[in-house]
Amino acid sequence: MKDELKEIAQWILSAKRVIVFSGAGLSTESGIPDFRSPGGVWDRYNPEDFYFQNFLASEASREKYWQMATEMYEPIKIAQPNPAHLAIAELEKLGKLDCVITQNIDGLHFKAGNSEDKVIQLHGTAIFVSCLSCQKRYDRNEIQERIKKGQKAPRCDDCGGLLKPATISFGQSMPEKETEEAYHRSSLCDLFIVVGSSLVVQPAASMPLVAKRNGAKLVIINRDPTPYDDMADLVVHGQAGSTMGSILDYVKRGIGAGN
Ligand code: APR
């Protein structure tokens with residue numbers, strides 16, 4: 001394992017464009033459950049209840065959506081970055097990060113210190129709420145206060161439109177600018193590191209393929225096997241926090257040794 005982490009660090013040191021692609025497995029050590037592990041979100045909720053079409057369909061399904069979204073927001077609200085988030089932020093400070101492409105909605109990359117222009121949020125964010133009609137943005141905590149006071153499916157103050165956490169639900173269109181940017185950068189990078197994703201949700205899961213097809217090295221760091229393990233140059237089935245922490249140490253030593 002040690003040699004593999006040293007090798008990944010060496011690849012980071014010699015790479016020109018490094019992308020980190022993160023999924024929910026990056027944040028489980030921050031107390032936020034992932035989706036497909038035992039005890040994960042889809043163990044507790046039926047994914048169909050989160051479909052965008054359902055949200056639009058009726059007041060009852062919006063109330064159910066907000067009830068579930070409120071429960072899911074609790075661990076996100078109090079979560080702090082873990083060593084994996086901090087390692088990725090430090091790679092940016094060391095000038096060794098082209099960007100982070102994330103499926104995560106928890107905002108922890110920013111809390112860890114990554115800058116706005118270095119993080120592409122493919123599935124939106126749970127930190128804000130937006131009106132589906134006029135796109136007015138609200139702070140999430142402010143809307144959660146309204147729900148605590150009894151509102152079941154809040155509406156926009158300006159236009160009366162439906163308010164929804166600014167996440168991308170199943171069946172909702174992907175954010176165009178972010179998706180295009182992610183594809184573009186994936187096609188240009190020379191090292192693509194997946195951290196904590198099952199790589200089963202499209203179109204996000206096609207980014208590692210785009211990188212690989214354009215000649216990049218592919219590294220997968222995930223506790224469980226993924227459908228892309230066979231095509232990766234290196235796979236580490238380990239915990240994100242300790243693995244990324246060790247890799248960062250080797251990178252720093254490498255830089256210290258004049259690499
Ligand atoms: N360290 C490393 N890997 C971990 C850890 C950890 N501490 N904890 C969990 N994992 C791994 C699990 O083994 C699992 O394979 O992270 C992976 C998380 O996979 P998913 O739960 O499927 O999450 P993700 O890949 O981000 O899901 C993609 O699906 O439900 C939608 O919109 C949602 O963005 C999400 C998308």
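What percentage of the 259 residues in the protein is buried? Buried residues account for 53% of them, where buried means under 20% relative accessible area, exposed means over 50%, and partly exposed is in between, using a 1.4 Å probe and protein chains only. This is a predicted model, so to speak: local features need pLDDT of at least 70, side-chain atom pairs count only at pLDDT 80 or more, and totals for chains, interfaces and linings use all residues. Residues are numbered from 1 along each chain as its sequence is written, and side-chain values use heavy atoms, with hydrogens and water left out.

**The whole protein**

- You'll find 10 helices and nine strands here; these are DSSP runs numbered from the N terminus, with helices being H or I of at least four residues and strands E of at least two.
- Along the principal axes, the C-alpha atoms fill a box of roughly 60 × 35 × 30 Å.
- Of the contacts (heavy atoms within 4.5 Å) with a separation of 6 or more, 68% are between residues 24 or more positions apart.

- Glutamine 103 sits in the loop between strand S2 (99–102) and helix H6 (108–112), and it counts as buried because its relative accessibility is 13%.
- The side chain of glutamine 103 makes a polar contact with the side chain of serine 197 at 3.0 Å. A polar contact is a pair of N or O atoms within 3.5 Å; within protein, one must be able to donate a hydrogen and the other to accept it, and residues adjacent in sequence count only if both atoms are side-chain atoms.
- Leaving aside neighbours within four places in sequence, glutamine 103 also has Phe21, His123 and Val201 among its contacts.
- Phenylalanine 21 belongs to strand S1 (residues 18–22) and is buried, with 0% relative accessibility.
- With neighbours within four places again set aside, the contacts of phenylalanine 21 include Ile101, Phe192, Leu199 and Met207.

- Most residues other than glycine have a negative phi, and most peptide bonds are trans.
- Going from glutamine 202 to proline 203, the peptide bond is cis, with omega near 5 degrees; proline 203 is in the loop between strand S7 (191–195) and helix H9 (207–213).
- Leucine 199 is in the loop between S7 and H9 too, and its phi is positive, near 55 degrees. At 3% relative accessibility, leucine 199 is buried.
- Glutamine 135 has a positive phi as well, about 60 degrees. You'll see glutamine 135 in the loop between strand S4 (124–131) and strand S5 (137–139), where it counts as exposed at 54% relative accessibility.

**Alanine 240**

- Alanine 240 is in helix H10 (residues 240–256) and is buried, with a relative accessible area of 6%.
- Alanine 240 and glycine 196 are 44 residues apart in sequence, yet their C-alpha atoms are 6.6 Å apart.
- Not counting residues up to four places away, alanine 240 touches Gly25, Leu26, Glu29, Ala84, Val195 and Gly245.
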